Amino acid sequence: MKKKEPELLFPKQPKHRKRMKHKKNILQEKNGICFLCSILEGDTRQQYGLHKHHVFFGVANRKLSEEDGLYVYLCVRHHETGQDAVHVDKGTRVMLQIYAQEVYEKAHTREEFIRRYGRSYIQ
Ligand SMILES: [Zn+2]
Ligand SMILES: [Zn+2]
């Protein structure tokens, strides 16, 4: 009997797929809902003026995050002004980074992630 291949659960992108620099968001649908309001507070109301947050930011990583579709839409409170905003609270920031790495690794290896982003956020 053939050994079950775990990667079949997360098939890689087909080879004929067109090369795109800017990938569709792979973390969240663009639906007008703040990602953190939704997962932290169960608040799925649509909000205006959400900020696009690149999960891996900084000079080089922001561009890679854009290319890989690793960004989320956040309300201003969860992006910048709240106590648990991603740019204020390390716990929130790292939680998102771990989640994004997990999603990335559905189609890539851990080594590919580290080569691209410099380190693993998953211990
Ligand atoms: Zn929010
Ligand atoms: Zn941001």
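Helices, in the sense used here, are DSSP runs of type H or I with at least four residues, numbered from the N terminus. Just after helix 2, glycine 69 adopts a positive phi of about 75°. The model is a predicted one.

**Overall architecture**

The protein contains 5 helices and 2 strands. Read from the N terminus, these elements follow the order α-β-α-β-α-α-α. Of the 123 residues in the protein, 37% are buried. The accessible surface comes to about 8600 Å², and carbon and sulfur atoms account for 54% of that area. Among contacts between residues at least 6 apart in sequence, 55% join residues that are at least 24 apart.

Helix 2 spans residues 59-68, and its buried residues are Asn61, Leu64, Ser65, Glu66, Glu67 and Asp68. The buried residues of this helix pack against strand 1 (51-54), strand 2 (71-74), helix 4 and helix 5 (110-117).

**Metal sites**

| Ion | Protein donors | Distance | Spacing along the chain |
|---|---|---|---|
| zinc ion (ligand 1) | Cys34 (SG), Cys37 (SG), Cys75 (SG), His78 (ND1) | 2.0 to 2.3 Å | C-x2-C-x37-C-x2-H |
| zinc ion (ligand 2) | His53 (ND1), His79 (NE2), His87 (NE2) | 2.1 to 2.2 Å | H-x25-H-x7-H |

What is the arrangement of the 4 donor atoms around the zinc ion (ligand 1)? The angles they subtend are 106 to 114°, which makes the arrangement tetrahedral. Cysteine 34 lies in the segment before helix 1 (35-41), whereas histidine 78 belongs to helix 3 (residues 76-81), so this pair ties together parts that are 44 residues apart in sequence. For reference, the ideal angle for four tetrahedral donors is 109.5 degrees. Both cysteine 34 and histidine 78 are buried.

Water is not among the atoms, so a site may look incomplete. Are histidine 79 and histidine 87 buried or partly exposed? Histidine 79 has a relative accessible area of 8% and is therefore buried, the cut-off for this class being under 20%. Histidine 87 counts as partly exposed because its relative accessibility is 36%.

Helix 4 covers residues 90-104 and includes methionine 95. Tyrosine 99 also lies in helix 4. Methionine 95 has a relative accessibility of 33% and so counts as partly exposed. Tyrosine 99, at 31% relative accessibility, is likewise partly exposed.

Which residues make the nonpolar surface patch of about 250 Å²? The patch is made by Ile39, Leu40 and Met95.

Leaving aside residues up to four places away in sequence, tyrosine 99 touches Leu27 and Phe35. Tyrosine 99 and tyrosine 121 are separated by 22 residues in sequence, and their C-alpha atoms are 9.1 Å apart in space.

Terms used:
Residues numbered from 1 in each chain as written. Chains lettered and ligands numbered in written order. Predicted model: local features only at pLDDT ≥ 70, side-chain atom pairs only at ≥ 80, totals over all residues. Heavy atoms only, no water. Patch = residues over 30% accessible without salt bridge, like charges linked within 9 Å, V, L, I, M, F, W, Y side chains within 5 Å. Areas by Shrake-Rupley, 256 points an atom, 1.4 Å probe, with all protein chains shown as cover. Salt bridge = Lys/Arg side-chain N within 4 Å of Asp/Glu carboxyl O. Buried < 20%, exposed > 50% of the residue type's maximum accessible area, 1.4 Å probe, protein only. Contact = heavy atoms within 4.5 Å. Donors = N, O, S within 2.8 Å, 3.2 Å for Na, K, Ca; no water. Tetrahedral: all angles 85-135°; square planar, octahedral: opposite > 155°, others 65-115°.
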